[in-house]
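Here is a short note on the charged side chains. Please read it with the model open.

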Amino acid sequence: MAFLSASDGFIKKSTTSVENKFISKYLPALDAVAAKVYLYSLYLLQSGSLYNLADLAHSLELDEDKVKEYFVYLEELELVSIVSESPFEVKILEAENIAGTPKKFKPEKYSDFTKNAQNVLKGRMISTNEFRDYFYLLEEYGFEQNALIMIINYCVNMHGDSIRAAYIKKVAKSFAEDGATTAKKVDEKLSAYTSSTPTLIKLFTAAGIKKQPDLDDDKLYKKWINDFGFDDAAIICAAKQFKAKNCEKLDDALAELYKNRKFDVKEIEDYCKNKNSVYALTLDIAKNLGVYMQTSAPYVENYVNIWCNYGFTLNSLREISAYCFMHSIKSFEDMDVFVKKLYDDGVVAENAVTDYLEKQRADDKLIKEILSACGLQRKIIPWDRDSLTRWRDWGFDNNMLFEAAKISSGKSNPTAYMNGVLSSWKANGIFSIDKIPSIATSSVHPAQNAEKDMRVEVERHYYDLRHTAEENAERTLKKATADEVYGSIRKELNELSIKLAFAEIRDKNEAEKISAIIKELEEKGDERLSELAISKDDFTPHYACTICNDTGYDKSGSPCICMKNFIAGLKI
């Protein structure tokens with residue numbers, strides 16, 4: 001792959017000449033060799049030559065590192081963008097998009113600085129281009145000259161005269177981010193680092209990290225101790241368990257442990273011991289749900305690890321995933337909702353999960369048989385399960401439920417009619433089959449039959465209202481989440497909500513950051529819904545009556561005014 005590419009705007013240009021804006025604005029101020037690198041890159045790109053970095057360096061009689069330095073310089077002027085370090089790739093930008101002119105530094109202004117810097121870097125000559133980088137740091141970041149000399153000296157002491165300018169710049173910018181641009185503040189920062197160096201050396205030795213600790217390592221160490229809350233023993237344990245031989249890998253390992261709330265040595269050892277089992281479990285869950293995973297890591301991180309942290313066993317999660325598939329729950333996101341419901345209900349222990357699922361399966365089988373007795377062959381819906389719970393609370397056994405189902409068969413809305421029949425029986429104290437003929441047929445007073453019919457009509461009316469409102473809300477949500485953009489935003493919001501829950505326990509600052517991201521994503525989601533002409537309010541059922549939410553009863557359990565009005569209308 002060629003190491004040069006161009007932005008879309010540049011590719012569309014029909015000319016193979018150099019842009020006038022480059023000639024008039026940049027060429028007079030550019031370093032001569034930098035201009036040479038830029039112009040030759042233009043030639044290679046526009047001629048279609050498949051040169052790489054080594055070819056370009058050879059053609060210009062420069063070494064590759066030197067060419068890279070010039071590209072860094074050109075990037076600071078926003079003439080190019082370095083898109084990859086390995087392999088080295090550069091994108092050429094449009095000169096006409098640049099505001100302002102490149103700075104031209106006067107070396108005489110920094111004569112003392114150049115002498116002192118060269119005295120520190122005794123092993124090699126500092127190039128004009130490297131000095132220009134230091135001048136840029138002095139002017140753009142506000143460094144005192146002595147402060148920058150101290151930073152260069154620190155870098156040389158750590159890595160020797162061969163230290164590259166790019167590393168020195170990186171360290172200097174790190175100091176600037178912490179507000180250390182004066183000699184006093186740089187000295188304070190270096191002193192604080194020096195005081196922690198013995199601890200870092202001891203930790204590195206125990207963890208098997210073979211390098212001298214530097215300021216970057218000290219910064220990471222303070223994050224591990226102060227922000228994450230690990231002690232030295234836990235950090236060493238993490239390094240060994242994750243086989244992290246450098247601070248970058250160790251930082252990734254500790255971030256993973258922090259997210260999964262594993263802080264003690266024993267917790268870390270157990271987590272790493274079970275990690276392979278968790279990945280295997282994630283694959284099993286994906287198979288059970290019928291989900292294709294390109295990589296399992298995100299599913300482990302955002303779902304399975306969290307479920308395990310709730311206390312669910314691996315066997316329980318396998319059993320739950322199989323149950324979910326059979327009940328049309330076929331994604332990790334939807335299974336997460338079900339697992340959280342179990343957790344909220346206190347169904348976590350393996351035997352409790354097994355008992356719960358067996359009861360659910362038995363109830364679903366019963367509901368299916370009742371629906372069949374009603375003359376229905378449809379899928380079970382949540383309202384059916386709620387109805388079964390309510391009927392049992394009223395005191396009816398399965399035999400009475402089947403009798404009510406038979407009576408309701410053939411009606412326009414059998415389940416609502418059945419609800420009315422059972423409600424009427426409850427009101428008349430009918431809880432056994434032997435009492436049904438004597439009370440519920442010809443012996444019942446016509447007024448009682450009329451009351452029963454009215455009750456059935458009321459039940460059916462409120463069922464239809466609720467079902468319509470909830471079905472409309474569900475349909476709107478499905479339509480919105482089917483959109484790729486909004487669906488992606490909603491999924492990310494769900495994942496961030498999980499992260500926020502953990503952050504609120506461990507780290508208030510992190511929680512605030514996540515909350516800010518969530519707020520920003522919600523705004524983007526609202527914008528996308530506006531483009532789709534969908535209102536987020538429609539995700540929530542719009543009940544006809546806001547007092548009783550179409551149940552017919554207010555919060556105190558008394559008949560709602562809307563029910564009284566509906567009954568009055570029936571009597572007219």
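**Charges on the model**

1. Glu-267 sits in helix 14 (residues 265–289); helices are DSSP runs of H or I, at least four residues, numbered from the N terminus. The model is predicted: local features need pLDDT of at least 70, side-chain atom pairs count only at pLDDT 80 or more, and totals for chains, interfaces and linings use all residues. Residues are numbered from 1 along each chain as its sequence is written, and side-chain values use heavy atoms, without hydrogens and water.

2. Glu-267 is partly exposed because its relative accessibility is 33% (buried is under 20%, exposed over 50%, partly exposed in between; 1.4 Å probe, protein chains only). Together with Asp-231, Asp-264 and Glu-269, Glu-267 forms a surface patch of negative charge. Patch residues have over 30% relative accessible area and no salt bridge, with like charges joined within 9 Å; Asp and Glu count as negative.

3. The whole structure holds 24 salt bridges, each a side-chain nitrogen of Lys or Arg within 4 Å of a carboxyl oxygen of Asp or Glu. One of them pairs Lys-66 with Glu-69 at 3.5 Å, N to O. Both residues lie in helix 5 (residues 64–76), three residues apart, about one turn of the helix.

4. Glu-130 and Arg-124 also form a salt bridge, at 2.8 Å, N to O. Glu-130 is buried, at 4% relative accessibility. Arg-124 is partly exposed, at 22%.

5. Asp-363 and Arg-392 meet in a salt bridge at 2.9 Å, N to O. This pair links distant parts of the chain: Asp-363 is in helix 18 (residues 350–373) and Arg-392 in helix 19 (residues 382–394), 29 residues apart.

Terms used. Patch = residues over 30% accessible without salt bridge, like charges linked within 9 Å, V, L, I, M, F, W, Y side chains within 5 Å. Areas by Shrake-Rupley, 256 points an atom, 1.4 Å probe, with all protein chains shown as cover. Charge placed at Lys NZ, Arg CZ, Asp CG, Glu CD. Helix = DSSP H or I, 4+ residues; strand = E, 2+ residues; numbered from the N terminus.
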